[in-house]
Amino acid sequence: MKKGSIILLLLACIFLMSHLQTSRESVTKQKLSEYGFFDGPIAQLKPAAGVIPYELNSSLFSNYAEKIRFMVLPPGKAAVYQAKKPFDLPLGTVLVKNFYYPVDFRQPDKGRYLIETRLLIHEETGWNALPYIWNADQTEAYYDVAGDTRTIGYIDSKGKKRTTHYAIPNKNQCKGCHTNGKEFLPIGISARHLNKTVHSESNSANQLLIWAENGWLKNLPDSGVPANANWEDESSSIDQRARAYLDINCGHCHSVTGPANTSGLYLDMFNQDPTALGIHKTPVAAGRGSGNFSYAIVPGKPEKSILVYRMNTIDPGIAMPELGREQIHKEGVALISEWIKQMKP
Amino acid sequence: MKKTSLLFILSLLAIAASAQQDIQRKLQTQLIEVENNGIVLLPEGTYFLTGTLSMDGKQGVTIRGKGRDKTILNFANQISGAEGIKITNGSNIRLENLTVQNTKGDAIKTQLVDGIHFLQVKTEWTRGANSSNGGYGIYPVQCQRVLIDSCYARGASDAGIYVGQSHHIIVRNSIATENVAGIEIENSLYAEVHNNEAFNNTGGILVFDLPDLIVKKGGFTKLYNNQVYENNHVNFAPKGNIVGKVPPGTGIMVLAANNVDIYENRISNNRTAGTVVVSYYITENPINDSTYYPYPSNIYIHGNVYERKKQRATMKGRMGKLFRFKLRFGKNVPHIIYDGIHDEKAVTPNQLCIQNNQGESFANIDAANGFKKISRDMKGYNCALNIPVTINLQ
């Protein structure tokens, strides 16, 4: 056999093998651009028609990365309001969450670096998580189930140069946060997270009202729609801010039906039991996460509360939340510490 | 050192780091893409991982190495994820012939798996006992049909083999050493722990029921044919954890659990107590959970062999103080210690039966009344119990 034909055969084999490997997931688009979510250069994230940007009152801390979110509803379909649970979203809905770092947090116009885009797609079999990782040229993001670890540099809001590991979660880890009972569910698309005023160039209005007026949301009641505080908004009470922070950062796992229910610690908005919230609650399977302290929360004593201890470290055997925590969220630690400090013993 | 050689070392380090990333991504991809009823084969060798390896929603998958101490997953350089291996929401999963080392948190956690089988699996912190080690070695929680067979767990700062909030469980032919708790069954139903060796832990085998959990009441546990010896290791659990209260020198401890049958074990040279039966009150933790039952009941200790050298209890920790100042057993430490705290309102009294143990000795330490009437008379406990434990792993 000639050399050329061997090479040809090899190439054919490689093609076949790679084709066989991906054929099972042939429906999964390998490039983010294939979805057509964005107009113009993809890294600008300029939403195409029908791609709806949205914001949350308080959002999850993700290693100081910033996020831009979109929802894509199937044509003519709408979300259905629910007061407590995430809205009932029609089959075919896609949620698009883009993670990036500004080059300089003080000057957003200096540009940004996109790291990953996570899609949640509502399929016949349930919600599916699809992680895409951006290339260095910022021209495309590629489907990647395995996750990765990157080193990221940026200038923070105080002008300090920062270098950090950034662990891009794998496909399973998406489920780690989004599992509720036996169901895989979105988190942010809930009344209490979305019920806020949003500002556009022309006007300011309530986000849920905008959705209802545009026919994107059905059954929105006239009153009684819950709203979490913005944890950064100092005009809200410390209790509202702290509970909102714990709700979005911890409540998806630490709830009666969440994966961290093994601990008996429930940090979601709906928990009313002070022990389950951590007050004088002994740890269950914390291991060295207890940090030699006896209780999750000791009222008046943040420095003796396991909750604060676990927020205030990047040791992966101790740190909470478990993901997106290659750095300490100092502002979050300060908020929860102040909340505990103000609790009456 | 010359600049060039430094550069060389730095680039070598960078290559090593990227090789670790490649292994991490390769194994993780396999665990995601493996088909139901498929096998993930891990060749012989030591793999350095940087984050948790996870598997979710799979049925009938086997993860098989080339042998304990031959296929080694080492997590010393872990920068993300709280566990070494995490398996969730699956059924009929088998982990075989591999070692997981030096994880920052728990070594292997399985949650919500129906049918989980650990065979010839080793979890280890190679520096031995250390409070900076992860909490649990082999850690199924909220699982059912759990089999842990011929495994080895060393160095966990909480429990080497820990089964929590699960049901239908067998732990057998396994070794636990240099952990705070060797083997622990917690808030679980229908467990058999037999033919294991637990030595040089703080406590050898523990059966606990704790408050504030969804599964509140465990029970129907059999411990038999185990070798439980020399569990005198200093307690190195971070404070706050319940096992941090276990006194060094504890063989078997039953805390607030019900229907526990302890028989035909060899329990030797555990300096503080061969077997301890206590209520949750002994922990001095507050109980805020009104639906929790803090008393042990239906505990049957029979046909065991007790041995100990004539020596004092370890006298360490809070329990040590108790031995020193209140109990004052000297070198004549009883093999079986009962705190005597019982439910006075119980319709059927909390039963503790002790029979036919070789070398047995006993004390009710009257903990409810400031240890005033310590009694070493075991006449009142000469009874038998029938504790039905049927385990179905099929």
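Chain B averages a pLDDT of 92 in this predicted model. Of its residues, 95% score at least 70. For the complex, the predictor gives an ipTM of 0.81 and a pTM of 0.88.

**Chain B as a whole**

Chain B has two helices and 28 strands. Its C-alpha trace spans about 75 × 55 × 40 Å along the principal axes. A compact globule of 394 residues would have a radius of gyration near 21 Å, so the 22 Å of chain B agrees with that expectation. Buried residues make up 55% of the 394 residues in chain B.

**A sheet in chain A**

Chain A holds an open sheet of six strands. Their order is E3-E4-E6-E7-E8-E9, and the pairing is antiparallel. Strands E3 and E9 of chain A are the edges, each pairing on one side only. On average, neighbouring strands of this sheet are turned by 25° against each other, direction ignored.

Trp134(A) has Ala141(A) in E9(A) as its bridge partner. Helix H2 of chain A lies across strands E7 and E8 of chain A. The helix runs at about 130° to E8(A).

These are the residue ranges of some of the elements named above.

| Element | Residues |
|---|---|
| Strand E3 (chain A) | 51–54 |
| Strand E7 (chain A) | 112–123 |
| Strand E9 (chain A) | 141–143 |
| Helix H2 (chain A) | 171–178 |

Technical notes
Residues numbered from 1 in each chain as written. Chains lettered and ligands numbered in written order. Predicted model: local features only at pLDDT ≥ 70, side-chain atom pairs only at ≥ 80, totals over all residues. pLDDT = per-residue confidence, 0-100. Pairing = 2+ DSSP bridges. Helix = DSSP H or I, 4+ residues; strand = E, 2+ residues; numbered from the N terminus. Axes fitted to C-alpha atoms, helices over the stretch in contact; angles between N-to-C directions. Contact = placed C-beta atoms within 7 Å. Rg over C-alpha atoms; globule rule 2.2 N^0.38 Å. Buried ≥ 20, exposed ≤ 12 C-beta atoms within 10 Å, placed from the backbone.
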